[in-house]
Amino acid sequence: MSYTYQVQTAADYEAAYAHATENPEAFWAEIAATFRWKKPWKTVLNWEFRSPSVRWFDGGTLNMTENALDRHVEAHPDRVALLWEPNDPGEATVSWTYKDLLERVEAYCHVLVARGIQKGDRVCIYMGMIPELAVAVLACARIGAVHSVIFGGFSAESIADRVLDAQASAIITCDGAFRGAKTIPLKSVVDQALSSCPEVHTVVVHQRTREQVDMMEGRDVWYHEALPVDLKPFPAVEMEAEDLLFILYTSGSTGKPKGVVHTCGGYMVWATYTFVNVFQYQPGQIHFCTADIGWITGHSYIVYGPLCAGATTLLFEGIPTYPDCGRFWQITEKHHVDILYTAPTAIRSLMAAGPEFPDAYPMSSLKVLGTVGEPINAEAWHWYDQHVGKGRIPIVDTWWQTETGGIMISNLAGVTEAKPTYATRPLPGIQPLLVDEHGAEIHGNGVSGNLCMRYPWPGMIRTTYGDHDRCRQAYFSTYPGLYFTGDGCIRDEEGLYRITGRVDDVLNVSGHRIGTAEVENAINMHPQVVESAIVGYPHDIKGQGIYAYVILHSPEKEDLRVEILAEVVKHIGAIAKPDKIQFVPGLPKTRSGKIMRRILRKIAEGELQQLGDTTTLLDPAVVQAIISGRASE
Ligand code: PRX
């Protein structure tokens, strides 16, 4: 397979960018035509950003899995599609060819349809990183069911919220998961969640940790018992381009997480196009993305992008620090990985462990390194470059979001220039602009502002599940006529983009998006808590840490900290646990009752000289009280 749309030189990039901007429909039609469609589309794009309504390849029908599997089985059946590296390096790896993977997906389809799951049904997936997770995702796509993968670290309550919001009728899970030295129960968490989800009629359970689990008669079924004895094909269900492919919940600045909806045709084209171009993938290469499939990075760059491109995708069950801090490098060496894609937070934590770990592995197979999920600091960038890339290969700093479906701003490996800490240039088809707080466009270079998009791209969010107006409000209402990313951004003198972080009430902790309102709501559930306010502060490893200011009904005592943390774990999950909790007598509020987070952020950051104007506060004295009680390291 060759990729007619792979840009190979800086001049190619310029030409593709110009073409995609001047004639986007012709540009994307040409690329989409390289995929397998059951029926051709009638219109390439219909859109307006008010409602919003964005439709790509309308009238066209396809099934994503024919593109991710069948066409590769025809072209190169024996190429390895999926490599799996277990948590424990002593356990055997799994290596499945495209033919193997298709057979497993088809068998899985039979399991799902035998349980009455059909096109359009929603299926939640709450699993560890075992190969069957990828199979389950693809099987949903093949039968036309809408998957909603829930990261294995979320609590029972978070699962229930998602299952109810998605009106899911089935869940796929495991008995438990191995993560480093820990065994995480999954099935028992699902059981707790389902006590409030009566509509779920099926729970498919994979055996992994072999711990004891309860199985509910009629509802729960072991995967290995449900699997058909004979291999039978399963024809891919015909999907409209704009039919839902998946829902993925993500945190915003208000309320509960939103179900970001991606659809079949546009997402497929975008995930594949960006994979092939950003990483400069060459046929036969091995791609190791260290994300979890529970996040968008895993959807687009472990499953869909690499498989649609015909790559070998490597799925790793464990964590970067187990059994030691050389695990990523050892996997890279062992499997001759060509492309390694990870997060700045992982790089920073491995950097802290010392260069001797990566220095022990030559990793001469590596061609490209990538980062994603948060701004990368210069020190981490250079360490990654020198100790992992040995100073000889490109690093791509890829900026994008759950809502964008795929990479939006990034250098293209070895094709366009890299600049440490800069995502650099928009991909062809992406039209970014910076605006000020009033929505006025900021022109020229050497400027900064809020990052927006003025034109649709195939992989963009279509709606938030079950509540289209929420999608409008969250992304299209701040600056009418534009998609607002929620990020602040610098455009330097050369026109290169550097994303500086969220400008809304969303935190980015170890590359995970966490809504401050969600954490506050969880803390406020504790009976002794009157009110709380969450802000982020710079954290050496996590990028941002979570700082909680809490007002109590009762006098403070140490136990309350533990109880408050437990409350957050119960309502959200361990990833949202505050790093610091400060009990305060009050919060700085304006006369209209709005919390002045700017002041709280400055105090959390320790910038006590720069609190700005506090005279508009209802009770300015509260600021002094908070400063004197600041939480220590
Ligand atoms: O703030 C940006 C940051 O992560 C946010 C998106 O988070 P999420 O939807 O969870 O997706 C993460 C994986 C794509 C963005 O709004 N972000 C992501 N990549 C970068 C980044 N910030 C700076 N540089 C990046 N490369």
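Reply: Gladly! Domain bounds here come from an automatic or database domain assignment. Keep in mind too that this is a predicted model.

Me: Into which domains is the chain divided?

Reply: There are two entries to note: domain 1, made of 10-319 + 394-488, and domain 2, covering 513-632. Taken over C-alpha atoms, their centres are 34 Å apart.

Me: How many residues of domain 1 are in contact with domain 2?

Reply: On the domain 1 side there are 18, and they meet twelve residues of domain 2. Buried area is what two parts lose on being put together, summed over both. Here that area is about 1,000 Å², with carbon and sulfur atoms giving 40% of it. Within domain 1, Ser-155, Glu-157 and Ser-251 lose the most area to domain 2, and together they account for 40% of what that side buries.

Me: Which residues have the most contacts inside the largest nonpolar core?

Reply: Look for Trp-28, Phe-57, Leu-101, Ile-125, Phe-279 and Tyr-304, in a core of 169 residues. Both domain 1 and domain 2 give residues to this core, so it lies between them. Another core, of 26 residues, lies apart from it; Ile-286, Val-337, Ala-346 and Met-351 are among its members.

Me: Now a helix, please. Which residues of α17 are buried?

Reply: A residue counts as buried when its relative accessible area is under 20%. In α17 that picks out Leu-560, Ile-564, Glu-567, Val-568 and His-571. Viewed down the helix axis, the buried residues fall within an arc of 95°, so they line one face of α17. Glu-558 and Val-562, on the other side, are exposed.

Me: What covers the buried residues of α17?

Reply: The cover includes α6 (156-166), α16 (516-524), β28 (529-539), β29 (543-552) and β30 (580-583). After α17 comes Gly-573, with a positive phi near 150°.

Me: And α6: which of its residues are buried?

Reply: They are Ala-156, Ser-158, Ile-159, Ala-160, Arg-162, Val-163 and Ala-166. Their cover includes α17, along with β6 (122-126), β8 (170-174), α7 (187-194) and β14 (244-250). Gln-167 follows α6, and its phi is positive, near 50°.

Conventions: Residues are numbered from 1 along each chain as its sequence is written. This is a predicted model: local features need pLDDT of at least 70, side-chain atom pairs count only at pLDDT 80 or more; totals for chains, interfaces and linings use all residues. Side-chain values use heavy atoms; hydrogens and water are left out. A nonpolar core is a set of buried Ala, Val, Leu, Ile, Met, Phe, Trp, Tyr and Cys residues joined through side-chain atoms within 4.5 Å. Buried means under 20% relative accessible area, exposed over 50%, partly exposed in between (1.4 Å probe, protein chains only). Helices (H or I, at least four residues) and strands (E, at least two) are DSSP runs, numbered from the N terminus. The arc is that of the directions from the helix axis to the C-beta atoms. Contact means heavy atoms within 4.5 Å. Buried area is the accessible area (1.4 Å probe) that two parts lose on being put together, summed over both.
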